[in-house]
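Please read them beside the coordinates.

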Amino acid sequence: MILGMTSRKAVFVAVVLAIALVLPFTIDPRGYTIRILCLMLLFAAMGQAWNIVGGLANQMSLGHAAFFGIGAYTSTLLLIHFGISPWIGMIAAGIFGGVAAFVISLPTMRLRGHYFALATLAFGEVMRVIGNSWSSLTGGPVGVSVPFAKPSLAMFQFKDTLPYYFLMLAALIVVTIIFVAIQRSRIGYRLQAIKENVDAAEVIGVDTTRTKIFAAVVSGVLMGCLGTFYAQFQYFFDPDTVFGVASISVRVAMIAIVGGIGTAIGPILGAMFVIPMEELANQAFSAQAAGLAQLVFGALLIVVILVEPRGFVEFGRRMVRRFRKGASR
Amino acid sequence: MAIIQAILDGLMIGGVYAVISIGLTLVFGVMGIVNFAQAEFLMLGMFVAYYAWAWLGLDPLLAAPLAFAVVFVLGALVHQVMIRRVLKAPAVAQIFLTVGLLIVLENAALLMFGSSFRSVSTPYQTSALQLGSLFISVPYLLAFLMSVASGAALWLFMRTSWFGRAMRATAQDPMAARLLGINADAMHRLAFALGVALTAFGGAVILPYLTVSPTVGGQFVVLMFTVVVLGGLGSVAGAVVGGLSVGVIQSLSALAFPIQLQNLVLFVVFIGVLALRPEGLLGGSR
Amino acid sequence: MTAPLLEISNISKRFGGLAALSNVSAEVHRGEIVGLIGPNGAGKTTLFSTLVGLHRPTSGAIRLNGRDLVGLKPHKIAAAGMVKTFQNIALFLDSTVLDNVLTGGLMRHSVEEARILARQCLERVGIDHIAGKLARDLSFPERARVEVARALCTEPEILLLDEAMAALNHVEMDEFLSLLRDLRDEGLTLVVVEHHMRAIMSLCERIVVLNFGQLIATGTPQEISRNPAVVQAYLGRSAETGAH
């Protein structure tokens, strides 16, 4: 066993990692494709952060944009007003993301399923409204730009896309490691217990409140940090984008669900499907009519859910089982 | 005096909110599914009424039954093709199906109707009745009366018709209902179609004082959910109480806050209700 | 006389208008095996749920080792040493037997230590051969035993067993009774709810009888079996439903 993985899995991960490291050198470093790959990595990381709450804790959050947007604004405003490096700003972004997650945990502690989804949706919208109306702080609906600085690692700004790619890849690896670490730890077992039977969990000594808050805060901190990544990559954002229900909240949840909620590889698979799909739909259809791309995308989502509500991983397992049954005849 | 005016306006608007939201609570009560795309059917109802006005010269209030009928059929279709299949799936899948439906409907509308905002003009649009020093806006009043009428019709339907009672039976005890020969699937379809059609009806009725665009649904999503959660998910009477409350809250907060923050008050109320009393003021059936 | 391990003083629990428990008082001393019996609906499970903190008593006091437990959340009461099993088995169905039991040990141990402890608990209860099975795939007797193993893994001082023997046959029950006696000899205190009279009579040193939420008798098995109120409680019911 290497790092807790079977040797087969370890080889698989090593191969994938190797491909990921080499891939960007095979394509145009200034091109469009590599930007899509960067977004794919970033959204996979975001999906993985969501996965901690949505997959491990089984709480459907539709408001993760709140933490993401707070993170993006925190580091960017610190940069604009105090010239603080985005890396330091990212620490603050994570802290504020975690605080926000803590704040929303309290009133939603006893909610499950649809009720929880609704409450978190409302929270995300609260942040968006605040972002749009508190113009003196956030610049309002017009949005905010990351000030231009000489390209450097210290200031998290680069001329080429390649450095961003590797940073996003590193972020994805870190978030995934955190996910797996939690899954295997005491907290992971406790979350599983809470997912299955809250009363029984409490009776055998699981502090359900503290465990749930922990998962929420970790998820919030990570989303906040990823908000900084986004800001530094896109150079510009507005409240409707970073606090958006469709653009962020639903998307990151969708990525984790489509890929396989609760699994470490799920968000990665999901992002590999969703992000390029969206781009393809945009490219193929946007020219003809506004909305067609999104329409196709929404229809695809519906089809995926109808075919296998538990996502690609489960679909894959089902296919494997069917294959095995057929082979043993 | 401004406060009394606000409360009056709020009650009238609230009556409409109630009718718009009854569909949401009906679907949840009978099927246990929260339809995140409900507000899109509102938008569709508004568009049906708009085109009835633009092409046929029909007043939106007269076109409301037409909007009801059209969306009823659409709702039955949507249930048959999609909703039915996630009835037993985990909540995650249900939520995502209706979210996907939201995306599809909104963008289909965008494609068909374009993104511009449109409004109708009716002869009574700016008129108001005067009651002492209070003004009663005629469009509000008419919308309110139509809502009351449709609400009463629904109440009668649920109480006295076979379908209505069968739906309630399915909601309360699916097993027993089945044993009585009630086809649960058909009841679900009826509930869903009825629910979205009522929301569309409400949309037509508010067209005289609002503008319509494919994105108008978004403004109503949290509002509708606040109404049903406040009243209790699954309780039709609750939707009425919730609707009136939300109307008044919105109206009063318009006095104190600028337009962008008005919704904020609503959201905070929403989260507060979920935190403190998720079963709502009247306690839901689930 | 040493102080009792568990003191239940005038516990009442109302749900709306219904009095599930009225003024129940009892003591359990360290190392005792106490039986809790009564007709269906007498309030036995409600009493257990109240003791571990799933319900807050409307009035009364609960003291474990002198420490007041009323108002504490169940996980704190578990940490203090009192744990119960569930009558309608509450296992984590999508987890393996080992994972179910292991979770009980996480209060005081790391995952690795808890895993070792879990295996030991499974061995004691005689089900270590099914450690890898999913809880969902178990038979009823197996599930009941996993419940017990999981509770044991929390290393309790006092264990409340709610009809743990319901699905066992004769032979299994004797094995189980023997296990309980061994656990008691090792220092565990037990309060047992059972409907098998033979088991209760042979196992318990003292028995507490509830009916309609009230304590109607306590004493040794001999005393209880001759107590007219107890007999009435059990037989009176069936006499009412008879053809009179």
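1. Thr103(C) is buried, with a relative accessible area of 3%. Buried stands for under 20% relative accessible area, exposed for over 50% and partly exposed for what lies in between, with a 1.4 Å probe and protein chains only. The residue Thr103(C) belongs to helix H3 (residues 97-105) of chain C. Residues up to four places away in sequence aside, Thr103(C) touches Tyr189(A), Ala193(A), Ile204(A), Val206(A) and Phe92(C); a contact is a pair of heavy atoms within 4.5 Å. Helices (H or I, at least four residues) and strands (E, at least two) are DSSP runs, numbered from the N terminus.

2. On conventions: this is a predicted model, in which local features need pLDDT of at least 70 and side-chain atom pairs count only at pLDDT 80 or more, while totals for chains, interfaces and linings use all residues. Residues are numbered from 1 along each chain as its sequence is written, chains are lettered from A and ligands numbered from 1 in the order in which they are written, and side-chain values use heavy atoms, with hydrogens and water left out.

3. Chain contacts. Two pairs of chains are in contact, and of these chains A and B share the most contacts. Chain B and chain C have no contact, and their closest C-alpha atoms lie 14 Å apart.

4. Four-stranded sheet. Chain C has an open sheet of four strands in the order S2-S1-S4-S5, paired antiparallel. The edges are taken by strand S2 (18-28) and strand S5 (67-68) of chain C, each with a single partner strand, so one side of each has no neighbour in the sheet. Two strands pair if DSSP finds at least two bridges between them. Strand S1 (residues 6-15) and strand S4 (residues 59-64) of chain C are joined by five bridges; across this pairing Glu7(C) faces Arg63(C), and Ile8(C) stands opposite Ile62(C). In a regular strand the side chains alternate between the two faces of the sheet.

5. Hairpin. S4(C) and S5(C) run antiparallel, joined by two bridges, and Arg63(C) stands opposite Asp68(C) in S5(C). The two strands form a hairpin with two residues between them, and Asn65(C) in the turn has a positive phi of about 55°.

6. Six-stranded sheet. A further open sheet in chain C has six strands in the order S6-S7-S8-S3-S9-S10, with mixed pairing. Strand S6 (82-84) and strand S10 (214-219) of chain C are at the edges with a single partner strand each, so one side of each is left without a neighbour in the sheet. From one strand to the next the twist averages 15°. Axes are lines fitted to C-alpha atoms, for helices over the stretch in contact, and angles run from 0 to 180 degrees between N-to-C directions. Strand S7 (residues 158-162) and strand S8 (residues 189-193) of chain C are parallel, with five bridges, and Leu159(C) stands opposite Leu190(C).

7. Cores. A nonpolar core is a set of buried Ala, Val, Leu, Ile, Met, Phe, Trp, Tyr and Cys residues joined through side-chain atoms within 4.5 Å. The largest has 187 residues, and Met46(A), Met60(A) and Phe96(B) are among those with the most contacts inside it. Helix H2 (residues 32-56) of chain A gives the most to this core, with 16 residues. A second, separate core of 90 residues includes Leu51(C) and Val208(C).

8. Gln59(A). This residue lies in the loop between H2 and helix H3 (65-82) of chain A. Gln59(A) is buried, at 4% relative accessible area. Beyond four places in sequence, the contacts of Gln59(A) include Leu111(A), Arg112(A) and Lys212(A).

9. Aromatic pairs. The whole structure has 23 aromatic pairs over all chains. Rings of Phe, Tyr and Trp (its six-membered ring) pair if their centres lie within 6.5 Å; planes under 30 degrees apart count as stacked, over 60 as edge-to-face and the rest as tilted. Phe25(A) and Phe166(A) have ring centres 5.7 Å apart and planes at 35°, so the pair is tilted. Phe25(A) is exposed, at 56% relative accessible area, and Phe166(A) is partly exposed at 27%.
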